[in-house]
Amino acid sequence: MFDGEPVVPLITATGPVLIFGGPYSNIQATEALFDEARRLGIAPDQMICTGDIVAYGADPQACVDLIRSHRVATVMGNCEEQLAQNAPDCGCGFAAGSACDRLSAGWFGYANARVDAAAKRWMAGLPRRIDLAIGGRRLAIVHGAPSRINRFVFGSDPEPMLADEIALTGADGVIAGHCGLGFTRMVGGKLWHNAGAVGLPANDGTPRGWFSVLTPHGDGFSITPMPLAFDHRAAAFAMRAAGLAEDYAGAIETGVWPNFDILPLPERAATAMPLAPAVIAVPGDPPAAAAPPADALVALERLETLWVNTGTLCNLACAGCYIESSPRNDRLAYIAPEILKSLLDEARDVQPDLREIGFTGGEPFMNPAIMPMLGDALDRGYRVLVLTNAMRPMQRHFDALRALHAAHGAKLGVRVSLDHFTPSGHEALRGADSWQPALAGLRALDAAGFAPSVAARFDPALASEAEIRAGFAGLFAEEGFAIDAADPAALVLFAELATETPVPGVAAAAWQALRSRGADAMCRTARMVVQRKGESRASIVACTLLPYEARFDLGSTLAASARPVTLDHPYCAQFCVFGASSCMGAR
Ligand code: SF4
């Protein structure tokens with residue numbers, strides 16, 4: 001089960017045991033940890049490290065030396081495994097081109113050049129598993145997971161996955177590290193515990209690391225998660241002085257991770273929420289973690305874009321359409337040109353920042369009044385963006401569209417939904433026989449000089465953004481399209497954050513922490529008008545993503561719709577603030 005590890009070392013707890021992981025080359029945190037252990041009266045032979053002594057920080061050799069000199073029992077982390085082999089990367093398995101991949105290239109090369117041969121030989125000999133006998137139970141201590149040294153296991157992961165991993169060990173539970181966030185779960189009476197990381201804060205908005213103390217009792221043991229204060233300013237200063245990327249130095253000071261590539265949605269939603277974990281008695285179930293509040297409030301700073309939902313009817317029924325458009329869904333009726341006219345009349349006097357009118361559906365070109373509405377907006381001097389699948393409904397209006405383009409030039413933008421750069425990838429989402437007609441429409445727009453943009457969805461778990469852009473670049477070159485696949489405005493990519501665990505929304509603390517780094521939401525600068533079927537008045541809603549929810553209905557005038565929006569819908573978290581893509585591009 002564990003290659004090259006015929007005998008699993010066993011440590012028997014004679015008193016409290018200190019479990020820690022992820023010193024991450026942070027010598028300030030590692031020294032603070034030993035100070036804490038002394039204060040708690042825990043000797044080094046009752047300390048166990050779950051690996052990754054070396055990672056982002058400035059002092060890899062000093063951290064290794066400190067832990068080795070104290071003879072702390074240590075399981076091999078993927079960083080130790082890779083350094084021992086002089087491998088080219090950290091072995092986390094990050095997607096090519098992802099932010100983690102880019103950053104790890106920098107810090108791993110730095111660490112590899114600074115860890116000496118003796119340390120690498122020591123790393124090569126580390127066990128991949130250590131067992132701990134405590135309180136009548138035997139726990140398997142590994143780095144990532146029993147099945148794989150670099151598997152990220154988080155507190156929100158599904159119970160069957162945890163159960164399968166625990167079953168591989170034959171033990172009463174697993175203690176692991178690697179993911180950097182502490183948590184405790186009981187799964188069918190067996191334990192999974194992660195003590196967190198000492199060398200990098202827990203994305204909770206505080207500059208603290210975490211470790212755990214396990215204390216045996218007669219019929220079990222308790223787990224006490226413990227925060228670790230360390231000189232975070234000195235650690236960040238040392239990283240900057242060493243020329244390491246700013247990203248992790250900033251994270252050590254702010255307590256917020258530089259990117260969320262590896263985080264499931266529930267962990268993202270807990271961003272900047274200070275941890276206060278309880279003591280857990282084993283056996284016994286840990287208290288359920290409280291969901292972060294969904295209390296972020298976003299004011300309309302200025303109205304820049306007014307979206308018009310032309311109606312939900314569409315010639316396609318795409319898999320995963322967030323608005324559930326189809327040939328039968330007319331929950332949003334065709335909007336009438338008079339409604340747009342009255343809103344544009346209102347905007348003329350009171351919305352000086354309004355620059356763009358966006359048309360989305362359904363398929364906008366199925367609305368019989370689409371051409372007069374486009375013309376009205378263009379005649380008033382607005383930029384117009386119409387989102388289309390470029391299939392037959394658009395092609396039927398092509399002469400009229402060309403005439404508008406001749407009259408208004410680049411003020412008329414057309415964005416074509418092409419969900420993949422291959423026919424099979426596109427049709428997997430949009431249905432059989434949808435590729436050729438869409439491509440024909442895109443070819444016609446390109447040939448007529450529209451300079452169309454393209455929008456696509458992708459699953460970051462299956463492919464990185466860089467891979468998707470490279471694929472589209474190939475298609476555009478083959479077709480002779482003058483579309484720059486590297487330009488996020490010309491190829492708009494929506495990374496879909498798959499989640500089995502929706503979260504209720506966005507906490508104010510998380511919004512503030514991420515806003516200062518450029519996170520955004522459409523409801524800050526846009527609104528959308530919809531006509532719900534059977535209703536006598538049109539409604540203005542906060543954004544294109546939430547046309548049906550009554551609490552996001554902001555009235556029927558632009559003036560009324562200017563009030564703030566509470567981000568208390570799962571989409572606010574999943575697509576906008578914590579999603580791998582921004583909702584700003586809309587569709
Ligand atoms: S889904 Fe996005 S744009 Fe819409 S209200 Fe929520 S945060 Fe704002």
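Which strands does helix α6 (residues 159-169) lie across, and at about what angle does it run to β8? The legends below take up this question and then move to other views of the model.

This is a predicted model, in which local features need pLDDT of at least 70 and side-chain atom pairs count only at pLDDT 80 or more, while totals for chains, interfaces and linings use all residues. Residues are numbered from 1 along each chain as its sequence is written, and side-chain values use heavy atoms, with hydrogens and water left out.

**View 1. Helix α6 on the strands.** Helix α6 lies across β6 (137-141), β7, β8 and β9, and runs at about 80° to β8. Helices (H or I, at least four residues) and strands (E, at least two) are DSSP runs, numbered from the N terminus; contact means heavy atoms within 4.5 Å. Axes are lines fitted to C-alpha atoms, for helices over the stretch in contact, and angles run from 0 to 180 degrees between N-to-C directions.

**View 2. The six-stranded sheet.** This open sheet has mixed pairing and the strand order β1-β5-β6-β7-β9-β8, where two strands pair if DSSP finds at least two bridges between them. Its edge strands, each pairing on one side only, are β1 (10-12) and β8 (183-187), and neighbouring strands are turned by 20° against each other on average, direction ignored. Strands β7 (residues 173-176) and β9 (residues 190-194) run parallel and are joined by four bridges, with L191 of β9 as the bridge partner of G173.

**View 3. Two spans taken from UniProt.** An unreviewed UniProt entry places "domain: Calcineurin-like phosphoesterase" at residues 26-206, a span that is 36% helix and 16% strand, with its end C-alpha atoms 16 Å apart. For "domain: Radical SAM core", the unreviewed entry lists residues 309-452; over these residues the chain is 42% helix and 12% strand, and the end C-alpha atoms are 20 Å apart. UniProt positions are given in the numbering used here, feature names are shortened, and annotations may be inferred rather than shown by experiment.

**View 4. The second largest pocket.** A pocket is an open set of points on a 1 Å grid over the protein atoms alone, with protein on both sides within 12 Å along at least five of seven lines, and its lining residues have an atom within 4 Å of a point. The second largest pocket has a volume of about 1300 Å³, a volume being the space filled by probe spheres set on the points, which are joined across faces, edges and corners. Of the 45 residues that line this pocket, G182, F183, L275, A289 and A290 lie nearest its centre. The elements that give two or more residues to this lining are β8, β9, β10 (208-217) and α9 (265-269), and β8 gives the most, with four residues.

**View 5. The second largest cavity.** Six cavities of 30 Å³ or more are found in a search of the whole structure, a cavity being a set of grid points where a 1.4 Å probe fits but cannot get out. The second largest cavity holds about 210 Å³ of space, and among its 22 lining residues Y56, F94, Y248, W257 and I262 lie nearest its centre.

View 6. Strands β15 (residues 356-360) and β16 (residues 383-388) pair in the parallel sense over four bridges, and F359 stands opposite V386 in β16.
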